[in-house]
Structure formats: structure tokens, C-alpha cells
Amino acid sequence: NTSFINQIGGFFGGYNLACVTQDAFGGSNMSTISQVGSFNFADVTQDAGFMGMNASTISQLGAFNSACVTQDAFWGGMNTSFVNQVGMGNHALVTQSTTFMPF
């Protein structure tokens, strides 16, 4: 699964919303979101399943931006997340989990 989203809104009042949900059983999930404007919100949820890989990049420019990333990889999988925010009042929450269950 691959996702690329670019959004440009008015710097003083534009509102962009981007939500990405990706599932892959043993595969790779990659998501890139770029937003320019005030009041932007980005949410990425990725589940890589068995020995898969999650990769997320979010870049936001402006004030009052918010970014949420949730990643889950089962049995030896890998999670990678990068969040870049410029402005004041920005918030970022990244939650990652991996589970390794030897037989």
C-alpha cells in the first residue's frame, strides 16, 4: 500500500483534512502527507501484519496543525514515523507497537 497526499490551503483560515488507513499482511505500508495552511489535520493508521513494514512521513507548515500516527507490526515487523511541523500550537502523537512471539 502506498499513499501520497499534498494539500495547500489558505494560510489564515484554510482547513485541510487527510486520513489514511492501510492494511498489509506481511507487506509494506508507506504514507506521505504534506499540508500547508492553518488548521490542518493528518491521521495515519497502518497495520503491517506478519513481518511487514510501516513507514509514515507527515510535514505540516502553519499554526494549529495536528498529526496522529498509529502503527502496528506483528511478529518481527518494523515501524518508522517522521513528523515535521512548523508554526505554533502544533501537536503530534505517534503510537507504535511491535510484537515478537517466538515459537
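Author: A word to start with: a residue counts as buried under 20% relative accessible area, as exposed over 50%, and as partly exposed in between. The model above is predicted.

Reader: Thanks! What is the relative accessibility of Phe25, and is Phe25 buried or exposed?
Author: The cut-off for exposed is over 50%. Phe25 has a relative accessibility of 73%, so Phe25 counts as exposed.

Reader: What share of the contacts in the protein chain with a separation of 6 or more comes from residues 24 or more positions apart?
Author: A contact here means heavy atoms within 4.5 Å. Among the contacts with a separation of 6 or more, those between residues 24 or more positions apart come to 63%.

Reader: What are the rough dimensions of the box that the C-alpha atoms fill?
Author: The box is taken along the principal axes of the protein chain. The C-alpha atoms fill roughly 55 × 20 × 15 Å.

Reader: How much of the protein chain is buried, as a percentage of residues?
Author: The protein chain exposes about 5,700 Å², with carbon and sulfur atoms supplying 65% of that area. Of its 103 residues, the buried ones make up 37%.

Reader: Is Ser31 buried or exposed?
Author: Ser31 lies in strand 3. Leaving aside residues up to four places away in sequence, Ser31 touches several others, including Val20, Val44, Gln46 and Ala55. Its relative accessible area is 2%, and since that falls under 20%, Ser31 is buried.

Reader: How many aromatic pairs does a search of the whole structure find, and is the pair of Phe25 and Phe50 stacked or edge-to-face?
Author: The search finds three aromatic pairs. In the pair of Phe25 and Phe50, the centres are 6.2 Å apart and the planes make 20°. Planes under 30 degrees apart count as stacked, so this pair is stacked.

Reader: How many residues apart in sequence are the parts that this pair ties together?
Author: Phe25 sits in the loop between strand 2 and strand 3, while Phe50 belongs to strand 4. Phe50 counts as partly exposed, at 32% relative accessibility. The pair therefore ties together parts whose separation in sequence is 25 residues.

Reader: And are the rings of Phe39 and Phe64 stacked or tilted?
Author: The ring centres of Phe39 and Phe64 are 5.6 Å apart, with the planes at 5°. Because that angle is under 30 degrees, the pair is stacked.

Reader: Where does Phe64 lie?
Author: Phe39 is partly exposed at 36% relative accessibility, and Phe64 is partly exposed at 48%. Phe39 lies in the loop between strand 3 and strand 4, and Phe64 in the loop between strand 5 and strand 6.

Reader: Which residues form one aromatic cluster?
Author: The stacked pair of Phe25 and Phe50 belongs to this cluster. Together with a tryptophan, the cluster is Phe25, Phe50 and Trp75.

Reader: Which residues make the nonpolar surface patch of about 350 Å²?
Author: One of them, Val36, lies in strand 3 and is partly exposed, with a relative accessible area of 32%. The patch as a whole is made by Ile8, Val36, Leu61 and Val86.

Terms used
Residues are numbered from 1 along each chain as its sequence is written. This is a predicted model: local features need pLDDT of at least 70, side-chain atom pairs count only at pLDDT 80 or more; totals for chains, interfaces and linings use all residues. Side-chain values use heavy atoms; hydrogens and water are left out. Rings of Phe, Tyr and Trp (its six-membered ring) pair if their centres lie within 6.5 Å; planes under 30 degrees apart count as stacked, over 60 as edge-to-face and the rest as tilted. Helices (H or I, at least four residues) and strands (E, at least two) are DSSP runs, numbered from the N terminus. Buried means under 20% relative accessible area, exposed over 50%, partly exposed in between (1.4 Å probe, protein chains only). Patches are made of residues with over 30% relative accessible area and no salt bridge: like charges are joined within 9 Å, nonpolar side chains (Val, Leu, Ile, Met, Phe, Trp, Tyr) within 5 Å. Accessible areas come from the Shrake-Rupley method with a 1.4 Å probe; for residues, only the protein chains shown count as cover. A salt bridge is a side-chain nitrogen of Lys or Arg within 4 Å of a carboxyl oxygen of Asp or Glu.
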